[in-house]
Amino acid sequence: IGAALPAIQELSNHQVDKLLKEDTIQMEEVFNEFTLDVAWKQILGLDLKEDDVPEFRKVVHQWVSEIMNPILLVPFRIPGLMKLTKVGRARTFIVSKIEEKLDKLEKDGP
């Protein structure tokens, strides 16, 4: 845990700096951003570029908001579903980022 604390503190400082620049804030948005930042940086260990972070947040929101959609819960695969739907494309994007990280770990080690 000690090794992760400096990174989490950096994330917290970034959020506080961002809050101090705003006139009004939505705390739910702040908490969501912080949680996603901890998830992709600390838990998943993804190496997202600064430009990729807004896209990552957007697709995670899309995926989470539709994850319980009955069409996605069918016990069989519908051909093209992951390419035709917004939630499918969001899931594919997230999985691709995780697979990139796994490939990098296999190649370079931890």
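Ile25 counts as partly exposed, because its relative accessibility is 41%; partly exposed is the band between buried, under 20%, and exposed, over 50% (1.4 Å probe, protein chains only). Quick caveat: this is a predicted model, with local features needing pLDDT of at least 70, side-chain atom pairs counting only at pLDDT 80 or more, and totals for chains, interfaces and linings using all residues. Residues are numbered from 1 along each chain as its sequence is written, and side-chain values use heavy atoms, without hydrogens and water.

Back to Ile25. It sits in the loop between H1 and H2; helices are DSSP runs (H or I, at least four residues), numbered from the N terminus. With Met27 and Phe31, Ile25 makes a nonpolar surface patch of about 280 Å². Patch residues have over 30% relative accessible area and no salt bridge, and nonpolar side chains (Val, Leu, Ile, Met, Phe, Trp, Tyr) are joined within 5 Å. A salt bridge is a side-chain nitrogen of Lys or Arg within 4 Å of a carboxyl oxygen of Asp or Glu. Areas are Shrake-Rupley, 1.4 Å probe.

Now Glu22. It lies in the loop between helix H1 (5–21) and helix H2 (27–43). Glu22 is partly exposed because its relative accessibility is 44%.

Glu33 lies in helix H2. Its relative accessible area is 11%, so Glu33 is buried. Beyond neighbours within four places in sequence, Glu33 contacts Gln15, Lys18 and Arg57; contact means heavy atoms within 4.5 Å.

Lys97 is in helix H5 (residues 86–108). Lys97 is buried too, at 15%. With the neighbours within four places in sequence set aside, Lys97 contacts Leu46, Leu48 and Asp52.

How values were computed
Helix = DSSP H or I, 4+ residues; strand = E, 2+ residues; numbered from the N terminus. Patch = residues over 30% accessible without salt bridge, like charges linked within 9 Å, V, L, I, M, F, W, Y side chains within 5 Å.
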